[in-house]
Amino acid sequence: MKLQTVLELPECKVLVKGNPEREISKVFCCDLLSIAMGKAAADSVWVTVMGNKNTLAVATLADVACIVLAEGIGMDEGTLAKAEEEGIAILSTELPIFDISLEIYEAGVS
Amino acid sequence: MGDQLIFTYVIDGNDFTRAGEASSSVKNKLKMLGVGSDVIRKTAIAMYEGEINMVIHADGGTITVTISDTDITMVLADTGPGIPDIDQAMQEGFSTAREEVRSLGFGAGMGLPNMKRYSDEMHIDTVIGQGTTITMKVNL
């Protein structure tokens with residue numbers, strides 16, 4: 001499945017679209033950045049409620065394709081601009097972590 | 001042996017939001033050098049954990065990265081408090097990070113274990129009250 005499919009999910013608001021053609025490997029859920037750093041798979045969609053600058057740094061270094069911010073969490077303009085530069089997609093949703101992760105999974109990520 | 005590339009970074013201990021910039025810079029350089037993505041990922045993760053630790057615990061420090069034909073060596077030197085019990089610090093889940101650091105999503109006690117897991121060699125030199133130097137090597 002390509003990132004484009006995740007970008008098109010009706011519950012997600014696209015803040016940064018990244019590279020829609022990127023092939024997605026997995027869905028990963030975690031709010032502790034230190035764990036995400038070691039465990040998030042390359043090319044994954046990472047669902048979290050942590051929307052700070054460090055979240056983007058971890059995503060960049062771990063080669064995450066897309067961050068989905070659950071529970072209506074946002075991200076500041078500066079960090080979004082940086083995500084744009086790094087080519088990482090940022091999405092926001094009102095749904096809880098489990099619900100949106102399930103939706104992404106059902107859209108075609110294993 | 002061919003030429004070596006050496007990069008040095010000064011890590012600002014006061015700005016938590018900038019932690020990771022040195023690791024990002026190394027990641028981009030390795031990408032430009034055509035290093036394999038697995039090696040880049042391992043290096044970036046190991047170095048970032050070290051960089052974050054320096055900001056959380058040691059008020060910054062310096063990181064020197066040497067890229068040779070065979071490996072990438074990272075030397076992270078700080079003048080922080082030192083590590084009293086390395087075995088304990090290496091245990092997953094053990095952390096002495098402050099509450100404000102934890103609220104940002106760090107302090108899960110995974111830093112040093114991740115550094116060990118993602119590097120091929122790691123060595124810790126630490127003196128209480130004087131500082132810590134960690135050397136990590138990732139093979140190319």
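**Chain B, elements.** I started with the fold of chain B in this predicted model. I counted five helices and five strands in chain B. Read from the N terminus, the order of elements is β-α-α-β-β-α-α-α-β-β. Next I looked up how compact chain B is. Its radius of gyration is 14 Å, close to the 14 Å that the globule rule gives for 140 residues, so chain B is as compact as a globular protein of that length.

**Chain B, extent and packing.** I then checked the C-alpha trace of chain B, which spans about 45 × 25 × 25 Å along its principal axes. How many of its residues are buried? Of the 140 residues of chain B, 37% count as buried. I also looked at how far apart in sequence the contacting residues lie. Among contacts in chain B with a separation of 6 or more, 61% join residues 24 or more positions apart.

**Where B meets A.** I turned to the interface. Here 19 residues of chain B are in contact with 17 residues of chain A. Which elements of chain B give two or more residues to this side? They are helix 1 (21-32), helix 2 (37-58) and helix 5 (111-118) of chain B. Helix 2 of chain B gives the most, with five residues. I sorted the chain B side by class and noted eight nonpolar, seven polar and four charged residues.

**The core.** I looked up the largest nonpolar core next. It holds 69 residues. Which of them touch the most other members? I wrote down V45(A), V64(A), C66(A), I67(A), V68(A) and I88(A). The largest share of this core comes from helix 2 of chain B, with eleven residues.

**One core residue.** Leaving out residues up to four places away in sequence, V68(A) touches C12(A), V45(A), V47(A), L91(A), T93(A) and I100(A). Of these, V45(A) is also on my list of core residues that touch the most other members.

**A helix pair in chain A.** Last, I compared helix 3 (residues 53-61) and helix 4 (residues 77-86) of chain A. Their axes come within 10 Å and cross at roughly 10 degrees. Angles under 35 degrees count as roughly parallel, so helix 3 of chain A is roughly parallel to helix 4 of chain A. Which residues make the contact? Helix 3 of chain A brings K53(A), L56(A) and T60(A), while helix 4 of chain A brings T79(A), K82(A), A83(A) and E86(A). By class, I noted two nonpolar, two polar and three charged residues in this contact.

Definitions and conventions. Residues numbered from 1 in each chain as written. Chains lettered and ligands numbered in written order. Predicted model: local features only at pLDDT ≥ 70, side-chain atom pairs only at ≥ 80, totals over all residues. Contact = placed C-beta atoms within 7 Å. Helix = DSSP H or I, 4+ residues; strand = E, 2+ residues; numbered from the N terminus. Nonpolar A, V, L, I, M, F, W, Y, C, P; charged D, E, K, R; others polar. Axes fitted to C-alpha atoms, helices over the stretch in contact; angles between N-to-C directions. Parallel < 35°, antiparallel > 145°, perpendicular 65-115°, else oblique. Core = buried A, V, L, I, M, F, W, Y, C linked by C-beta atoms within 7 Å. Buried ≥ 20, exposed ≤ 12 C-beta atoms within 10 Å, placed from the backbone. Rg over C-alpha atoms; globule rule 2.2 N^0.38 Å.
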